[in-house]
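Good morning, everyone, and thank you for making time for this. I would like to walk slowly through one protein model, so please keep the picture in view while I talk.

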Amino acid sequence: MPLQPRDRRTLLRIARDAAAAAARRERFSAPPPESAALREPRGAFVTLHRSGTLRGCIGTFEASAPLYSTVAEMARSAAVGDPRFEVLRPAELPEVEVEISVLSPLRPARAEEVVAGHHGVYLERGYQRGVLLPQVAVEHGWDRETFLEQTCRKAGLPPGAWRHGTTIYVFEAEVFGEEACEEGN
């Protein structure tokens, strides 16, 4: 069930406040929201963009904490814990845009079931794992095969590894960002 616009705005505010506190090396604790939907355990990713460029992205599929709490923790981690980027500086905050992906549970799938742009992909082979959110395929104009190849690369596997010996999972995501919510979505 999709989140209500007010729930989306609440999560975006929590994510921004958590990322800002992390950048300033301050503690942040989001008070429990009134919305029951935000108190349900759900997995989520928080993506930070700066001037249209990826600045951090961290998430979890684990639905062990309330959604609002998961979003706060993932926003903090995206700001200061994504090993691909330097720690977010307070001076960058005005230029940062927040995007949230609220996840459905993972389910095993065959490669031919993957719908690029609709599904996200999580795959694993041994200790190697990789994930790409559904919007990544759309942003790059990838078809299913390219999407699977790129997920393999993210996992440190050869591009064709998805064809044999790799477990594929799919998930869906409700994706929203600050810009869309400001426009009233």
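Let me begin with helix H1, which has 19 residues and reaches 27 Å from its first C-alpha to its last, close to the 27 Å expected at 1.5 Å a residue. Before I go further, please keep in mind that this is a predicted model, and that the values I quote are computed from it.

If we leave out residues up to four places away in sequence, Leu-11 touches Leu-3, Leu-38, Leu-67, Tyr-68, Val-71, Ile-100, Val-102 and Phe-176. On the other hand, Pro-108, which is 97 residues from Leu-11 along the chain, has its C-alpha atom 28 Å from that of Leu-11.

Helix H3 covers residues 67–80, which makes 14 residues, and its span from first C-alpha to last is 20 Å, close to the 20 Å expected at 1.5 Å a residue. How many of the residues of H3 are buried? The count is 10 of 14, and H3 is therefore described as mostly covered.

Most residues other than glycine have a negative phi. Just after H1, however, Arg-25 takes a positive phi of about 60 degrees, and this residue is not a glycine. Arg-25 sits in the loop between H1 and H2, where it is exposed, with a relative accessible area of 60%. Ser-51, in the loop between E1 and E2, also has a positive phi, near 55 degrees, without being a glycine. With a relative accessibility of 62%, Ser-51 counts as exposed.

Finally, let us step back to the whole chain. The protein chain has 6 helices and 8 strands, and from the N terminus on they run α-α-β-β-α-β-β-β-β-α-α-β-β-α. The radius of gyration is 16 Å, close to the 16 Å that the globule rule gives for 185 residues, so the chain is as compact as a globular protein of that length. Along the principal axes, the C-alpha atoms fill a box of roughly 45 × 35 × 30 Å. Of the 185 residues, 46% count as buried, and among contacts with a separation of 6 or more, 71% come from residues 24 or more positions apart. The accessible surface comes to about 9800 Å², of which 49% belongs to carbon and sulfur atoms. As for charge, the chain carries 23 positive and 26 negative charges, and their mean positions are 4 Å apart.

Technical notes: Residues are numbered from 1 along each chain as its sequence is written. This is a predicted model: local features need pLDDT of at least 70, side-chain atom pairs count only at pLDDT 80 or more; totals for chains, interfaces and linings use all residues. Side-chain values use heavy atoms; hydrogens and water are left out. Helices (H or I, at least four residues) and strands (E, at least two) are DSSP runs, numbered from the N terminus. The expected span of a helix is 1.5 Å times one less than its number of residues. Buried means under 20% relative accessible area, exposed over 50%, partly exposed in between (1.4 Å probe, protein chains only). The radius of gyration is taken over C-alpha atoms; the globule rule is 2.2 Å times the number of residues to the power 0.38. Contact means heavy atoms within 4.5 Å. Accessible areas come from the Shrake-Rupley method with a 1.4 Å probe; for residues, only the protein chains shown count as cover. Lys and Arg count as positive and Asp and Glu as negative; His and the chain ends are not counted. The place of a charge is taken as NZ of Lys, CZ of Arg, CG of Asp or CD of Glu.
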